[in-house]
Amino acid sequence: MMVLGIAASLLIGVSLGLLGGGGSILTVPLLVYVLGVEPKLAIAMSLLVVGVTSASAAVVHARAGRVRWRTAFIFGAGGMSGAFLGGRVARLLPSGVLLLLFSLVMVAAAVAMLRRKEALAAPEGTKTVGEQTPTNIPVPRVLAQGLAVGVLSGLVGAGGGFLIVPALVLVGLPTQVAMATSLVVISLQCFAGLLGHLGHVHLPWGLTAAVIGTAVTGSFLGGRLAERVSPAMLRKGFGVFVLGVACFMLVAQLPPEVKASVTPLLATPWPWLGLLGIVGAVAVPYTLLFRGN
């Protein structure tokens with residue numbers, strides 16, 4: 001399982017470098033369910049892994065001129081304050097509650113990835129991605145958004161990029177620039193959140209270093225692929241996978257007596273046929289209504 005966990009870290013780095021927001025959401029499940037790390041410790045480890053990996057991926061995007069530093073530091077200022085606060089509050093909550101909160105965050109992240117629309121390519125003669133910059137950033141709103149996302153990040157160990165990217169797009173950044181800039185914000189608030197955790201956890205530095213090294217390698221690969229691969233279909237597939245992992249985590253948090261009563265039912269075909277019917281009833285109308293978007 002150790003080899004499998006380290007190998008999976010490479011995919012987390014690739015997805016983070018390629019997708020920006022949402023790419024790191026599987027770090028905590030990987031640490032808890034594959035590598036066997038205690039949940040509270042896994043959240044603190046995730047903040048360090050995601051922070052370092054995001055910073056390395058941001059370097060690749062910054063060299064390509066896709067990072068808006070002023071916006072990143074304004075958003076990051078709020079995010080760092082919120083993440084430190086979230087890290088301090090996390091020690092007061094039971095591990096089961098933190099995993100339940102993280103599962104709900106994963107559901108939100110999956111829905112955000114499935115619903116996100118890609119920006120249309122700019123016509124020839126217009127400014128390039130690196131040249132487009134919002135002329136007037138609403139600083140109080142950006143700080144407040146950063147604070148809210150930071151609290152969530154520090155509390156459950158998620159980077160929060162699935163919330164940061166749409167927020168940056170709303171203040172005028174193109175999607176590619178918002179994804180790149182979000183990596184800087186994520187790294188800032190992850191390090192602040194880690195400081196909030198360090199007073200009550202002790203990291204296994206050997207395992208942490210192995211996961212970080214593999215994830216950073218993947219992030220450089222993902223950053224190189226960002227301009228060559230359209231992330232739209234990848235994001236959809238990744239969103240479905242994240243949703244499936246979130247459902248597994250939610251089931252894992254059920255009381256033992258409830259799981260004992262549900263297990264025999266799952267051995268019959270009826271709940272699966274019912275689930276298939278529900279998915280079809282939702283997916284078919286959605287596809288017909290929004291296939292042109």
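Leaving out neighbours within four places in sequence, Ser103 is in contact (heavy atoms within 4.5 Å) with Ala246, Met249 and Leu250. Ser103 belongs to helix H5, residues 95-115, where helices are DSSP runs (H or I) of at least four residues, numbered from the N terminus. With a relative accessible area of 0%, Ser103 is buried, a term that means under 20% relative accessible area with a 1.4 Å probe and protein chains only.

The model is predicted, so local features need pLDDT of at least 70 and side-chain atom pairs count only at pLDDT 80 or more, while totals for chains, interfaces and linings use all residues. Residues are numbered from 1 along each chain as its sequence is written, and side-chain values use heavy atoms, without hydrogens and water.

Met106 touches Ala246 and Met249, among others that include Ile25 and Val242, when residues up to four places away in sequence are not counted.

| Helix | Residues | Among its contacting residues |
|---|---|---|
| H3 | 39-63 | Ile43, Leu47, His61 |
| H8 | 175-197 | Ala180, Phe191, His197 |

The axes of H3 and H8, lines fitted to C-alpha atoms over the stretch in contact, lie 8 Å apart at an angle of about 150°, and the helices are therefore roughly antiparallel, a label for angles over 145 degrees.

Methods:
Axes fitted to C-alpha atoms, helices over the stretch in contact; angles between N-to-C directions. Helix = DSSP H or I, 4+ residues; strand = E, 2+ residues; numbered from the N terminus. Parallel < 35°, antiparallel > 145°, perpendicular 65-115°, else oblique. Buried < 20%, exposed > 50% of the residue type's maximum accessible area, 1.4 Å probe, protein only.
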